[in-house]
Amino acid sequence: MDPFLNSEPLSKSADHNHQLYIETVGCQMNMLDSELVVGAMRGGNYELTDDIGAADTILFNTCSVREHAEHKIYSQLGRIKYSKRTRPNLVIGVMGCMAQKDQEIIFERAPHVDIVVGTGQLAEIPRLIDETRENRQRQMAVSLGRRDGSRTQVAGSFESYDPLRDPEMRPSPYQAFVRIMIGCDKFCTYCVVPMTRGPEQSRSPSQITSEVRTLAGQGVKEVTLLGQTVNSYRHIEDGKEYRLADLLELIHDTDGIERIKFVTNYPKDMTLDLLQAVRDLPKVSRYLHVPAQSGCDEVLARMKRGYTVSDYREMMQRIHETVPDAAVSSDFIVGFCGETEESFELSMNLIREFRFKNSFIFKYSERPGTKADGLWPDDIPDDVKRRRNNEMLALQNEVSEEDNAEFIGREVEVLVEGLSKASEKRLAANPEAEDCHGDDASHKTQLVGRTDCDRIVVFDGNPRLAGSLTHIAVHDCSATTLLGSIVTRQLNHGLQVDLPVVS
Ligand code: SF4
């Protein structure tokens, strides 16, 4: 998954019995977990606040994929070390991957923490908070370790948590994440996820389709199906086996849903039937995130990724033959144990050869409990990792900008997500400056949307366009963004009109 999408506190406050501050670090799965926990807490008389100093309940939803993410949480915990002196009622909780991984260590390093809740026990959070406030006893709820029982026992201790949602916590009111599976059985040697999220378990198609129908009823237009290896989805219901291709077909029929995305993919499971589903189902985005991690066979073998560069190349060929207009993005780890300059160059060559739409690039950091940590020294100096990271980023940016330049002069359809970051900042700084919700329909502000192939497009328009499919003429670009202006708007009954003003 593309990690570190969000490390922001989540806000909104009002007059209410309890004030909850929640901060999320990590991938989309964590963002979804936070949304679900907040949904449950609101049912229990809690309101969100973005003021950590005003909260009586503080939750950190954590990530263990990289050391940096854990440091960030421990330093945040350090900042609130003495908060209970003035707020004796305060409850502090650590949830998610780091909670499952570190368990008691969290209490040792931060004795002011009251509850530690792993990824498989999120449903327990409201009860644990209540009990802690009542009896001031520390509480811990975590799942079994991968070696603490049979696969069935361990899997049973990780519960997929998918209760009612909190619409205000979504990326936008029109977009929602839907978990289709939890856990991972791939055991890449650098990764903690199989330990922190447990064995691979797919949710039933009937539960997933019912959740998507509910979301569509709430106005959601785009769903992103989530799984650590989402294309490994497999579930048997009423004697029939469902794979991701079958699930896409089922969801495709949901009224109101205009776009379906799925992340993150495992290269070996990018099967022809799945690609044919992407090709044949118009609501499915032509966007495939398939992390390569390295372009060197020896490194891939040490990572235990389960494929070679030649397997990856075959997969890319299958993608290009079946869905020629698909945009493919990747992840790379630089500075993995024993990565030579030649190995690194091979990864650079992979970017040159496949011209990924974008790549998420990370410097390797050893993670306690992983195979790599026990087997090989973290032997690439930090300055070398940093240089490789910068070189790869520069190359990927060059490729992305060249590819984006191909769109100049073309028209693209975007799902409008809302205000651009620049507009949001302007509005936050001066709420009077932009009448985003007023009746002045001629007022334009900067909006952001995404194409079917996940390219970000920025353009001027009325904020009331949010949630609609809109046509944009592209005039300019950067490595990350297309810049354009509105051409037409797709109306529900299929007509297109010029759009100087939108009502
Ligand atoms: S496929 Fe590998 S990198 Fe991805 S979650 Fe599973 S173990 Fe981690």
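F356 has 0% relative accessibility, so F356 counts as buried (under 20% relative accessible area; over 50% is exposed, in between partly exposed; 1.4 Å probe, protein chains only). This is a predicted model, where local features need pLDDT of at least 70, side-chain atom pairs count only at pLDDT 80 or more, and totals for chains, interfaces and linings use all residues. Residues are numbered from 1 along each chain as its sequence is written, and side-chain values use heavy atoms, with hydrogens and water left out.

**Exercise 1. Classify the ring pair Y312 and F356.**

Step 1: rings of Phe, Tyr and Trp (its six-membered ring) pair if their centres lie within 6.5 Å; planes under 30 degrees apart are stacked, over 60 edge-to-face, the rest tilted.
Step 2: the centres of Y312 and F356 sit 6.4 Å apart with planes at 70°, so call the pair edge-to-face.
Step 3: Y312 is in helix α12 and F356 in the loop between α13 (341–354) and β17 (359–363), so the pair ties together parts 44 residues apart in sequence.
Step 4: Y312, at 2% relative accessibility, counts as buried.

**Exercise 2. Find the aromatic cluster that holds Y312 and F356.**

Step 1: the structure holds nine aromatic pairs.
Step 2: another edge-to-face pair is Y266 with Y307, with centres 6.4 Å apart and planes at 70°.
Step 3: Y266 counts as buried at 7% relative accessibility, and Y307 does too at 6%.
Step 4: Y266, Y307, Y312, F332, F354 and F356 make up one aromatic cluster.

Terms used:
Helices (H or I, at least four residues) and strands (E, at least two) are DSSP runs, numbered from the N terminus.
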